[in-house]
Amino acid sequence: EMQVAESGGGLVQAGGSLRLSCVASGFNLDDYHIGWFRQAPGKELEPVSCIRTRDGRTYNADSVKGRFTVSSDNAVNTVYLQMNSLKPEDTAVYYCVRDVTIDNSGCSAEYASWGQGTQVTVSS
């Protein structure tokens with residue numbers, strides 16, 4: 001069974017850092033594009049960072065450029081989201097998503113499979 005599982009969320013002060021991990025099982029990371037999406041209270045789900053694991057090409061939302069970095073390590077079947085300079089508006093549930101689409105319009109998840117989510121809370 002193909003599955004993704006997120007971890008690494010928590011409570012952090014503004015300006016701090018967290019690293020989220022997404023462990024993939026049941027599939028080869030090279031075969032799927034992986035994304036990080038988030039949903040803040042009262043707001044719509046939005047793409048944050050996505051990666052084409054085969055060649056490392058990435059998408060980053062304007063709101064996180066220069067602060068967040070997505071990467072993959074196929075040897076341990078894991079995709080990471082390094083989050084630096086965190087802001088209170090980054091508070092959300094973060095989801096790892098298998099089989100996102102990355103193209104000239106950004107990153108979407110029409111055909112994606114989702115993890116369970118991990119909570120990130122940034123205090124001011």
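**Contacts, disulfides and backbone features of the predicted model**

The side chain of N28 places a polar atom 3.0 Å from the backbone nitrogen of D30. A polar contact is a pair of N or O atoms within 3.5 Å; within protein, one must be able to donate a hydrogen and the other to accept it, and residues adjacent in sequence count only if both atoms are side-chain atoms. The model is predicted: local features need pLDDT of at least 70, side-chain atom pairs count only at pLDDT 80 or more, and totals for chains, interfaces and linings use all residues. Residues are numbered from 1 along each chain as its sequence is written, and side-chain values use heavy atoms, with hydrogens and water left out.

N28 is located in the loop between β3 and β4. Strands (E, at least two residues) and helices (H or I, at least four residues) are DSSP runs, numbered from the N terminus. N28 is partly exposed, at 40% relative accessibility. Buried means under 20% relative accessible area, exposed over 50%, and partly exposed in between (1.4 Å probe, protein chains only). The C-alpha atom of N28 is 7.9 Å from that of N74, and the two residues are 46 residues apart along the chain.

Two disulfides were found in a search of the whole structure. A disulfide is a pair of cysteine sulfur atoms within 2.5 Å. C22 is joined to C96, with an S to S distance of 1.9 Å. This pair links distant parts of the chain, with C22 in strand β3 and C96 in strand β9, 74 residues apart. The torsion about its S-S bond is about -65°, so the disulfide of C22 and C96 is left-handed. Both C22 and C96 are buried.

The other disulfide joins C50 to C107, with S to S at 2.0 Å. It too links distant parts of the chain: C50 lies in strand β5 (residues 46-52) and C107 in strand β11 (residues 106-108), 57 residues apart. The link of C50 and C107 is left-handed, with -90° about the S-S bond. C50 is buried at 0% relative accessibility. C107 is buried at 10%. With bonded cysteines counted along the chain, the disulfides follow the pattern 1-3, 2-4.

Aromatic contacts were examined next. A pair of aromatic rings is described by the distance of the centres and the angle of the planes. Rings of Phe, Tyr and Trp (its six-membered ring) pair if their centres lie within 6.5 Å; planes under 30 degrees apart count as stacked, over 60 as edge-to-face and the rest as tilted. The whole structure holds three aromatic pairs. One of them is F37 with W114, an edge-to-face pair at 5.4 Å centre to centre and 65° between the planes. F37 lies in strand β4 (residues 33-39) and W114 in strand β12 (residues 113-114), so the pair ties together parts that are 77 residues apart in sequence. F37 is buried, with a relative accessible area of 5%. W114 is partly exposed at 35%.

W114 also pairs with Y95. Their ring centres are 5.7 Å apart and their planes lie at 80°, so this pair of Y95 and W114 is edge-to-face. Y95 belongs to strand β9 (residues 92-98) and W114 to strand β12, so the pair ties together parts 19 residues apart in sequence. Y95 is buried, at 19% relative accessibility.

R98 makes contacts with two rings. A charge sits over a ring if NZ of Lys or CZ of Arg is within 6 Å of the ring centre and within 35 degrees of the ring normal. The charged end of R98 sits over the ring of F27, 5.7 Å from its centre. R98 also lies over the face of Y32, 4.6 Å from the ring centre.

In a regular strand the side chains alternate between the two faces of the sheet. Strand β1 (residues 3-7) has V4 and E6 on a covered face, and Q3, A5 and S7 on an uncovered one. Strand β1 runs antiparallel to strand β3 (residues 18-25), and five bridges join them. Two strands pair if DSSP finds at least two bridges between them. S21 in β3 is the bridge partner of S7.

Backbone torsions complete the description. Most residues other than glycine have a negative phi, and most peptide bonds are trans. S85 is not a glycine, yet has a positive phi of about 50°. S85 sits in the loop between β8 (78-83) and β9. It is partly exposed, with a relative accessible area of 40%. D99, also not a glycine, has a positive phi of about 75°. D99 lies in the loop between β9 and β10 (101-103). Its relative accessible area is 28%, so D99 is partly exposed.
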